Amino acid sequence: MANAASGGGLRTALGINPYRYHDASTAAVKYGNTLDPLAILGDRMVGNTLEQLVPFLGSLWLFAIFVDSERTWQTGCAYLASRVAYPPLFWAGSPWILLSTVPGYAVIWYHLGAVLIALHRAEGG
């Protein structure tokens with residue numbers, strides 16, 4: 001009865017084990033605890049897309065507003081092509097995956113750099 005009163009029984013009943021995640025690594029969190037290659041591929045496709053969604057959409061809108069709304073279509077398509085290339089290049093492994101991720105990151109940085117230059121010029125700089 002003293003054990004239950006101290007919370008040990010409640011933690012056990014709820015499945016909360018503070019020692020359960022002692023060996024969690026970045027790889028375990030990022031790639032999951034599965035040995036199924038398709039599950040890992042699906043997890044990483046969704047995970048990587050969601051990780052980059054906010055920076056991409058933010059930079060895309062800023063680029064369209066402050067730089068060139070017509071060129072936004074081209075840069076958006078380039079980013080989309082990098083996302084489409086992600087699954088087969090992830091499957092091919094490292095370093096091939098960089099052929100998908102680096103161009104996607106480059107588009108985001110291009111957007112942000114172009115916005116900064118446009119804002120600097122607008123201020124008379």
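A: Let me start with T72: leaving aside neighbours within four places in sequence, T72 is in contact with L60, F63 and A64. Keep in mind that this is a predicted model.

Q: Where does T72 lie, and is T72 buried or exposed?
A: T72 lies in helix 5. T72 counts as buried because its relative accessibility is 9%, under the 20% cut-off.

Q: What does the side chain of T72 reach?
A: The side chain of T72 reaches the backbone oxygen of D68, at 2.8 Å.

Q: And what does the side chain of D68 do at the start of helix 5?
A: A side-chain oxygen of D68 comes to within 3.1 Å of the backbone nitrogen of E70 there. The D68 side chain also meets that of R71 in a salt bridge, 3.5 Å from N to O.

Q: How accessible are R71 and D68?
A: R71 is partly exposed, with a relative accessible area of 30%. D68 counts as partly exposed too, at 29% relative accessibility.

Q: How many salt bridges does the count come to?
A: The count comes to two salt bridges. One of them joins E51 and R44, with the closest N and O atoms 3.3 Å apart.

Q: OK, zooming out. How many helices and strands does the chain have?
A: The chain has six helices and zero strands. From the N terminus on, the elements run α-α-α-α-α-α.

Q: What share of the residues counts as buried?
A: Of the 125 residues of the chain, 24% count as buried. As for contacts with a separation of 6 or more, 62% of them come from residues 24 or more positions apart.

Q: Switching to rings. How many aromatic pairs does the structure hold?
A: The structure holds three aromatic pairs. Among them is F56 with Y79, a stacked pair at 3.8 Å centre to centre and 10° between the planes. That pair links distant parts of the chain, since F56 sits in helix 4 (residues 37–66) and Y79 in helix 5 (residues 69–92), 23 residues apart.

Q: Which other pair is stacked?
A: Y86 and F90 form a stacked pair, at 5.8 Å centre to centre with 20° between the planes. Because Y86 and F90 are four residues apart in helix 5, about one helical turn separates them.

Q: Why would that spacing matter for which way they point?
A: An α-helix has 3.6 residues a turn, so residues three or four places apart point the same way.

Q: And how accessible are Y86 and F90?
A: Y86 counts as buried at 4% relative accessibility. F90 is buried at a relative accessible area of 19%, under the 20% cut-off.

Q: Where is the kink in helix 5?
A: A kink of about 45° lies at Y86, shortly before the proline P87.

Q: What span should helix 5 have, and what does the model give?
A: At 1.5 Å a residue, the 24 residues of helix 5 should span 34 Å, and the end C-alpha atoms are 35 Å apart, which agrees.

Q: Which residues of helix 5 are buried?
A: They include T75, G76, S82, R83 and L89.

Q: What does G104 touch?
A: Not counting residues up to four places away in sequence, G104 touches Y79 and S82. G104 lies in helix 6, and G104 counts as buried, at 0% relative accessibility. The C-alpha atoms of G104 and S82 are separated by 5.6 Å, though the two are 22 residues apart along the chain.

Q: Last topic: what happens just after helix 5?
A: G93 takes a positive phi of about 95° there. A cis peptide bond joins S94 and P95, with omega about 5°. P95 is found in the loop between helix 5 and helix 6 (98–122).

Q: What do most residues and peptide bonds do?
A: Most residues other than glycine have a negative phi, and most peptide bonds are trans.

How values were computed: Residues numbered from 1 in each chain as written. Predicted model: local features only at pLDDT ≥ 70, side-chain atom pairs only at ≥ 80, totals over all residues. Heavy atoms only, no water. Phe/Tyr/Trp six-rings, centres within 6.5 Å; stacked < 30°, edge-to-face > 60°. Helix = DSSP H or I, 4+ residues; strand = E, 2+ residues; numbered from the N terminus. Buried < 20%, exposed > 50% of the residue type's maximum accessible area, 1.4 Å probe, protein only. Salt bridge = Lys/Arg side-chain N within 4 Å of Asp/Glu carboxyl O. Expected span 1.5 Å × (residues − 1). Bend = angle between axes of the 7 residues up to and from the residue. Polar contact = N/O pair within 3.5 Å; in protein donor to acceptor, adjacent residues only side chain to side chain. Contact = heavy atoms within 4.5 Å.
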